[in-house]
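Here is a short briefing to read alongside the structure. Take a moment to look at the picture, then follow the points below.

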Amino acid sequence: MTGLVDRVGRVRELGIVVALAALFGVTGVVNPAFLSPASIRDILLNSAIIATLAVGQTLVVVTRNVDLSVSSVVGISAFGGALILADHPGVPIPVVVAGCVLLGAACGAVNGLLVGVAKVPALVATLGTLYAFRGVDYAWAGGRQVNAADMPEGFLRLGSADVLGVPLPALVALTVVLAVGWVLRNLPQGRELYAIGSSPDAAVLAGIAVKRRVVSAFVVSGALAGLAGVIWAARFGTVDATVATGKELDVIAAVVVGGVAIFGGSGTVYGAALGALLLSGITSALAVLRVDALAQTAVNGALILAAIMLDRLLALRMARALRKRRYRDAR
Amino acid sequence: MLALREVSKSFGAVRALRGVSLDLTPGEAHALAGENGAGKSTLVKILSGVHRPDEGTLLLDGEPVEFHGPADAQAAGVAVIYQEPTLFPDLSVTENIFMGRQPRRSLGRVDRRAMRARALDLFARLGVPLDPDRPARGLSIADQQLVEIAKALSRDARVLVMDEPTAALSGPEVERLFGVARSLRDQGCAVLFVSHRLDEMFALCRRVTTLRDGALVATDVLADLTPDDLVRRMVGRDLAALFPKQDTAPGEVALKVDRLTREGVFTDVSFEVRSGEIVALAGLVGAGRSEVARAVFGVDRRDAGSVHVGGRPLRPGSPTAAMAAGLALVPEDRRQQGLVMDLSIERNIGLTGLKWGLLSRAAERARATDWAIRLQVKYANLTDAVTVLSGGNQQKVVLAKWLARRPRVLIVDEPTRGIDVGTKAEVHRLLSELAAEGLAVLMISSELPEVLGMADRVLVMHEGRLVADVPRAEATEERIVAAATGRPA
């Protein structure tokens with residue numbers, strides 16, 4: 001029994017690794033340029049921001065909630081950070097980064113209070129804040145655009161510099177994945193998130209501080225979105241109020257493809273990060289393979305559906321296996 | 001050690017507890033008796049910190065305490081085994097036991113190895129070979145209950161509350177549980193034991209507190225009582241008056257179920273229900289009774305077997321076809337499955353009358369008024385949402401909704417669960433009248449007095465199989481309990 005469950009659990013992430021290998025193998029054969037260091041570096045850079053966001057989203061989804069507002073938080077953080085850097089060149093860069101993370105955390109706290117304390121369904125609450133935060137962003141920007149030339153060189157390098165041959169944003173994402181993954185696996189607070197998503201009622205009876213945990217999941221998701229916002233500003237250099245619009249769906253797609261159960265209770269940040277890598281790898285591969293840009297969206301969609309169907313299939317098979325087992329025991 | 005003083009609790013218009021006092025003392029097992037809906041579960045939830053009393057106080061070692069949530073109660077040493085297991089299906093058995101208070105090692109990490117070792121230790125104490133690493137999903141109800149017990153044991157509780165823990169357990173499992181409860185009691189733990197099985201109360205407990213309709217009837221020393229005394233305290237009147245089934249001559253076969261099987265849930269279930277007959281389906285929780293009803297009605301797929309209504313085969317897997325053939329199913333959980341809680345009474349009654357999704361308001365109102373009067377639903381306005389009604393009246397609305405379709409066969413699942421004694425009698429009278437008019441009734445019930453009083457025949461299920469078919473004249477409590485627990489009669 002344990003073997004079966006463990007296998008399914010492992011296979012879920014292993015499956016993405018296999019898909020990644022197949023993707024790189026096939027595309028590499030058709031067009032070897034796909035495997036060049038420059039191309040790989042691009043894919044890592046492209047997936048870094050979504051992977052960072054997917055980690056935060058995983059925390060929220062595991063508790064049987066969802067955070068749709070992440071793209072707006074990225075937008076407001078990117079614009080805020082860029083604006084400070086452009087208008088107040090004296091402010092040290094670490095202070096700006098910390099400020100953006102705090103801004104994101106504050107947005108996350110709003111979501112957390114709405115969902116965890118006011119008991120507004122997460123889908124509705126974060127749909128509301130998705131528009132609300134973006135609206136604040138628009139009002140703040142007032143049509144203004146901050147360009148790379150307005151920001152200090154040292155800041156922009158954060159978005160593209162390499163450390164040991166790996167782009168900095170990818171290293172940041174990796175650090176976030178490992179840190180949050182460790183917390184989810186090892187700390188009671190992390191385990192409690194799974195418990196909440198697995199059975200909210202039982203979590204209350206077990207004496208878990210459900211409200212506090214749900215709020216903190218949203219706060220961390222917001223903080224990571226704030227961090228992703230700074231990275232976005234540093235990487236692209238041109239920032240206006242529309243930054244990251246629509247990216248929330250890419251994030252949720254990555255999480256789902258990565259095997260995090262959309263109804264909570266199971267899944268890992270490693271899976272979610274691999275999901276982000278796979279999705280941006282596919283986008284790059286389709287470009288290299290000269291697939292029409294319009295068809296790329298359809299392929300992404302098909303992939304998400306495939307991931308969900310795979311999940312459902314596994315769940316059904318497992319339920320059947322467990323049902324039969326119980327029956328044999330009963331006799 | 002832990003005591004309640006004059007505690008009252010209401011949910012909306014329903015007064016679940018009225019001025020109840022209770023003393024739990026160290027080294028004593030105390031029984032809590034009462035019919036379903038008497039307020040036992042509410043009392044348990046007050047002790048466990050889930051609900052807070054509207055009036056009255058909780059005393060811990062003589063000092064007033066307030067439990068702001070389950071965590072407070074647990075900190076005070078109260079461990080509760082709930083009627084319905086409260087496990088996390090995605091997490092391992094070990095994690096389920098220790099969730100909320102895991103052993104730690106450096107950096108605040110959960111000490112998985114220690115946790116697993118302690119889980120194995122607990123299972124050894126309980127004498128069950130459960131795999132600590134498997135997920136809780138898919139465990140049988142009995143195994144889930146054992147995990148709950150392990151959870152309570154791991155807490156080093158001072159007060160152990162067991163809310164009908166034996167409902168799903170077999171004989172040896174019950175003995176094992178009692179062994180654990182006795183040893184805890186002898187170590188100075190206070191035990192509160194809630195059960196429907198009188199023999200178990202007498203076997204385990206010294207004193208018993210009886211509740212009826214939310215009020216305290218008496219606290220007695222069990223040795224001074226006979227089982228009949230206890231039943232009289234619980235019910236408060238003679239059984240005959242409670243279950244007025246009229247004698248009717250059964251007509252032709254209205255529902256015929258032949259070798260119905262749903263893999264892993266129930267096997268080879270065959271029975272007939274004649275018109276004018278009330279057939280009870282008895283058995284323990286998890287025996288597969290509701291599942292049979294769902295498969296007959298076509299909610300769940302069946303893997304083998306056939307269902308005939310009025311002599312004609314019924315297409316599987318289609319509740320619409322079942323309704324068209326004259327079947328009606330009043331589900332166990334009326335809030336979740338039987339009613340649209342926020343819609344009005346008349347809308348709810350009218351729902352099953354939808355033709356092509358349309359129903360005129362006037363027709364809807366006429367139907368609703370008819371049936372509401374006939375069933376004596378107590379309401380202010382037909383346009384009120386059903387949420388404002390008491391449990392018993394909600395149940396009547398569900399019945400009205402189905403009866404308005406004039407079915408030939410009515411399947412009711414736990415028709416009187418959680419409703420007060422007066423309304424219960426009305427529901428019984430109603431079912432009896434309907435049978436007299438020629439309706440075939442299949443009644444799933446866990447309440448033995450109800451089964452014995454109402455049914456012309458009693459079918460008993462045990463672990464997915466139909467194990468007994470007892471006519472009214474031969475139906476006794478002992479015989480049915482024996483069949484339901486898989487013991488030879």
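**Where chain B meets chain A**

The rule finds five residue pairs in polar contact across the interface of chain B and chain A, both residues at pLDDT 80 or more. A polar contact is a pair of N or O atoms within 3.5 Å; within protein, one must be able to donate a hydrogen and the other to accept it, and residues adjacent in sequence count only if both atoms are side-chain atoms. This is a predicted model, where local features need pLDDT of at least 70, side-chain atom pairs count only at pLDDT 80 or more, and totals for chains, interfaces and linings use all residues. Residues are numbered from 1 along each chain as its sequence is written, chains are lettered from A in the order in which they are written, and side-chain values use heavy atoms, leaving out hydrogens and water.

**The interface**

- On the side of chain B that touches chain A, there are 13 nonpolar, 10 polar and 13 charged residues.
- In all, 36 residues of chain B are in contact (heavy atoms within 4.5 Å) with 32 residues of chain A.
- The rule finds one salt bridge across this interface, a side-chain nitrogen of Lys or Arg within 4 Å of a carboxyl oxygen of Asp or Glu.
- Arg191(A) and Glu95(B) form a salt bridge, with their closest N and O atoms 2.6 Å apart.

**A sheet in chain B**

- Four strands of chain B make an open sheet in the order 12-11-14-15, with antiparallel pairing (two strands pair if DSSP finds at least two bridges between them; strands are DSSP runs of E, at least two residues, numbered from the N terminus).
- Strand 12 (266–274) and strand 15 (312–313) of chain B each have a single partner strand, so one side of each is left without a neighbour in the sheet.

Note on methods: Ala, Val, Leu, Ile, Met, Phe, Trp, Tyr, Cys and Pro count as nonpolar, Asp, Glu, Lys and Arg as charged, and the others, Gly among them, as polar.
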